[in-house]
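Dear colleague,

Please find below the structure that I am handing over to you. My notes on its helices, ring contacts and backbone follow.

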Amino acid sequence: MKQQINALTATRGFAALMVFIFHFGREVFPFKSFPHLFYNGNVAVSYFYVLSGFVLYLSYAGRAFTYGNYILKRFARIWPAYIVGLAIFVYVYLCSYKMAYTPDLNYQIVYSLFFIQAFFGDYALVLNTAAWSISVEMTFYVLFPLLLYIQGRWARLFIAGSAILYLVTHIIFFVKFKDNSALVQNWNHMFYHPVMHMHQFLIGMVGGYFFTKMKAARSRFAVKPILIFAVIIALIVLKPWTLHFEVGLISPLFMLFIMYLAIDNPVFLNWKPLVFFGEISYGIYILQFPVHEYLMGVPYLRYHVSEQNFFFVSLGILILAAVVSYYLIEMPFRKLVTGKKRKAVAAAGAE
């Protein structure tokens, strides 16, 4: 399915904004007035995982493609802005904050460059902190063709396996972190590991499978996505502080929301500014820490601007940086890659 579902694209922007507020705006008005909602804003990362599985399934299921071309396209989508964010952060680390160079920085850079920091608990949040989830995402991308093959051959087994992995993951998580001392000691080694998030991506793929099978019955069984969204918000707001949603506890609800949002495709989410906001969401997400830390190194902003104003200034600059990244870094690189691909196809056809 090549056609982009604009409503889903638009939600990416809101999810990226939610994560930014979680990191830097929880104590800023008006967000501090809703602590249960915005203190759980990192649940938006779980939404991204489910959405990725859903969209990739719709994009590649039933289509012939080579692994090389597929991974190149994923690489072109992720790598350019990722490297820019990493470079900015290293510059801020060494120059703006004048931190001492240490040999360990080599490990941090290498792990980040190869998208493997999430596999090492002590390094999961090094340098560009938000990049840990891209490390997890890249793991999903590498495995996706194999997962798609399994899903295509044994659909019921795939659905059952996704459900079992969901249950096992949360049983392990809640047993492991039943007391706060264990949570503090082992959080990085367990929470950020790709294995703990795999079920969310699989659930997204299952949602894509159901979506394609529901074609004839979509209008008959359609549920307004706003109702599912209201349930999700209620669960986030009303959940006890000791309960953790970060490893995808509500990912099945995210799957239903994404499915029915794709069916309904509301007109207001097709509004071009909102769709564009979704298009630049990756820049917003991956550049949030580099931009914020860079601005923190500006003496005037750091010492003479209130926390409230600093947040909105940094948000505005972040959005501007995401727009620049989209037009000058992300899109040109994608066009370069797809252009090379077209030339290769043309050359093969001429032989």
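In which helix is Leu 235 found? Leu 235 belongs to helix H11, residues 225-238, where helices (H or I, at least four residues) are DSSP runs numbered from the N terminus. Before I go further, please note that this is a predicted model, in which local features need pLDDT of at least 70, side-chain atom pairs count only at pLDDT 80 or more, and totals for chains, interfaces and linings use all residues. Residues are numbered from 1 along each chain as its sequence is written, and side-chain values use heavy atoms, with hydrogens and water left out.

Leu 235 counts as partly exposed because its relative accessibility is 35%; buried means under 20% relative accessible area, exposed over 50%, and partly exposed in between (1.4 Å probe, protein chains only). Leaving out residues up to four places away in sequence, Leu 235 touches Phe 245, Ile 250 and Leu 253, contact being defined as heavy atoms within 4.5 Å. Leu 235 and Leu 37 are 198 residues apart in sequence, yet 9.5 Å apart in space, C-alpha to C-alpha.

With a relative accessible area of 16%, Tyr 166 is buried. Setting aside neighbours within four places in sequence, Tyr 166 is in contact with His 199, Ile 203, Gly 248, Leu 249, Ser 251 and Pro 252.

I turn next to helix packing. Two packed helices are described by the angle between their axes and the distance between the axes. Helix H3 (residues 43-60) and helix H6 (residues 132-153) pack at an angle of about 35°, and their axes are 11 Å apart. The axes are lines fitted to C-alpha atoms over the stretch in contact, and angles run from 0 to 180 degrees between N-to-C directions. The crossing of H3 with H6 is right-handed, that is, the near helix is turned clockwise from the far one by less than a right angle. On the H3 side, the contact is made by Val 45, Tyr 49, Ser 52, Leu 56, Tyr 57 and Tyr 60. H6 contributes Trp 132, Ser 133, Val 136, Glu 137, Phe 140, Tyr 141, Phe 144, Leu 148 and Gln 151. These residues divide into 11 nonpolar, three polar and one charged, with Ala, Val, Leu, Ile, Met, Phe, Trp, Tyr, Cys and Pro counted as nonpolar, Asp, Glu, Lys and Arg as charged, and the others, Gly among them, as polar.

The aromatic rings deserve a separate paragraph. The whole structure holds 37 aromatic pairs; rings of Phe, Tyr and Trp (its six-membered ring) pair if their centres lie within 6.5 Å, and planes under 30 degrees apart count as stacked, over 60 as edge-to-face and the rest as tilted. One of the pairs is Tyr 60 with Tyr 70, edge-to-face at 5.2 Å centre to centre and 90° between the planes. This pair links distant parts of the chain, with Tyr 60 in helix H3 and Tyr 70 in helix H4 (residues 67-96), 10 residues apart. Both Tyr 60 and Tyr 70 are buried. Ring pairs also join Tyr 49, Tyr 60, Phe 65, Tyr 67, Tyr 70, Phe 140, Phe 144 and Phe 201 into a cluster.

The charged end of Arg 26 sits over the ring of Phe 22, 4.4 Å from its centre, and Arg 74 lies over the face of Tyr 141, at 5.1 Å from the ring centre. The criterion is NZ of Lys or CZ of Arg within 6 Å of the ring centre and within 35 degrees of the ring normal. Phe 22 is also touched by Asn 42, a residue of the loop between helix H2 (35-38) and H3.

Finally, some backbone features. Phe 29 and Pro 30 are joined by a cis peptide bond with omega about 10°, and Pro 30 lies in the loop between helix H1 (6-24) and H2. Leu 127, in the loop between helix H5 (104-113) and H6, has a positive phi of about 55° although it is not a glycine. Leu 127 counts as buried because its relative accessibility is 6%. Asn 265, also not a glycine, has a positive phi near 45° and lies in the loop between helix H12 (251-264) and helix H13 (272-279). At 29% relative accessibility, Asn 265 counts as partly exposed.

Yours sincerely

Technical notes:
Helices (H or I, at least four residues) and strands (E, at least two) are DSSP runs, numbered from the N terminus.
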